[in-house]
Amino acid sequence: MKQEFLSKNQQIVLDTIKNSNEPLKAYSILFDVKKKGIKAPPQVYRALDKLIEIGKIHKIESKNAFVACKNTNCDVTKTTAFSICEKCENIEEIKDTKISKYLKSFKDNSGMNYTRYNLELFGLCKKCK
């Protein structure tokens, strides 16, 4: 993956998400970054869009929230799957090449052109059982 230059706003938003122990909603991010010079919601949303595009963060669709990629080389072209605890809301990224291959095959055979996709699985983690 090519190294991307981050703007000041993108870096502030990324650092805010990385430093959180839980998924953050956009307005929580905005509240946190106001102290660092980002005042307008469009600045946050533009930064979030770019960070998703370059594979630095993921959007958890069901929570409408954002988490940082666990490694530095998130591959945004592969299927993104998450295991989400319904009690403590711990989120783990699932890396599974079989899921990716199956969905690519389905896409190719159906003629559907996906712009993005993710899979979210809900249950209880070991700690919350």
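# Briefing: cores, pocket and local geometry

The largest nonpolar core has 19 residues, and V13, I17, I29 and L48 have the most contacts inside it. A nonpolar core is a set of buried Ala, Val, Leu, Ile, Met, Phe, Trp, Tyr and Cys residues joined through side-chain atoms within 4.5 Å. Two or more residues of this core come from each of helix 1 (8-18), helix 2 (26-33), helix 3 (41-53) and strand 2 (65-68). The model is predicted: local features need pLDDT of at least 70, side-chain atom pairs count only at pLDDT 80 or more, and totals for chains, interfaces and linings use all residues. Residues are numbered from 1 along each chain as its sequence is written, and side-chain values use heavy atoms, with hydrogens and water left out.

**Overall fold**

- The protein chain has four helices and five strands, where helices (H or I, at least four residues) and strands (E, at least two) are DSSP runs numbered from the N terminus.
- Along the sequence, the pattern of the protein chain is α-α-α-β-β-β-β-α-β.
- The protein chain has 129 residues, of which 32% count as buried; buried means under 20% relative accessible area, exposed over 50%, and partly exposed in between (1.4 Å probe, protein chains only).
- Among contacts in the protein chain with a separation of 6 or more, 54% join residues 24 or more positions apart; contact means heavy atoms within 4.5 Å.

**Cores**

- In soluble globular proteins, nonpolar side chains tend to be buried together.
- Not counting residues up to four places away in sequence, I17 touches L24, I29, L48, I57, F66, V67 and A68.
- Another core, of five residues, lies apart from the largest one and includes I60, F82, I84 and I91.

**Helix 1**

- The buried residues in helix 1 are Q10, I12, V13, L14, T16 and I17.
- These buried residues of helix 1 pack against helix 2, helix 3, strand 1 (57-60) and strand 2.
- Q10, in helix 1, counts as buried because its relative accessible area is 13%.
- Leaving out residues up to four places away in sequence, Q10 touches F5, A47, K50 and L51.
- Q10 and Y45 are 35 residues apart in sequence, and their C-alpha atoms are 9.8 Å apart in space.
- T16, also placed in helix 1, has 9% relative accessibility and therefore counts as buried.
- The contacts of T16, not counting residues up to four places away in sequence, are with L24, D32, V33 and K36.

**Second largest pocket**

- The second largest pocket has a volume of about 300 Å³; grid points are joined across faces, edges and corners, and a volume is the space filled by probe spheres set on the points.
- On a 1 Å grid over the protein atoms alone, a pocket is an open set of points where a 1.4 Å probe fits, with protein on both sides within 12 Å along at least five of seven lines, and lining residues have an atom within 4 Å of a point.
- The lining of the second largest pocket has 18 residues, and S20, N21, V67, K70 and I91 lie nearest the pocket centre.
- At least two lining residues come from each of helix 1, strand 2 and strand 4 (91-94).
- The lining of the second largest pocket divides into eight nonpolar, four polar and six charged residues; Ala, Val, Leu, Ile, Met, Phe, Trp, Tyr, Cys and Pro count as nonpolar, Asp, Glu, Lys and Arg as charged, and the others, Gly among them, as polar.

**Helix 4 and backbone angles**

- Helix 4 (residues 97-110) has 14 residues, which at 1.5 Å a residue should span 20 Å, and its end C-alpha atoms are 20 Å apart, in agreement; the expected span is 1.5 Å times one less than the number of residues.
- Most residues other than glycine have a negative phi.
- N64 has a positive phi, near 50°, and is not a glycine.
- N64 is placed in the loop between strand 1 and strand 2 and counts as partly exposed because its relative accessibility is 43%.
- E89, likewise not a glycine, has a positive phi of about 65°.
- E89 is in the loop between strand 3 (80-85) and strand 4, and its relative accessible area of 38% makes E89 partly exposed.

**After strand 5**

- K127 lies in the segment after strand 5 (118-123), and counts as exposed because its relative accessibility is 69%.
- K127 and N90 are 37 residues apart along the chain, with their C-alpha atoms separated by 9.9 Å.
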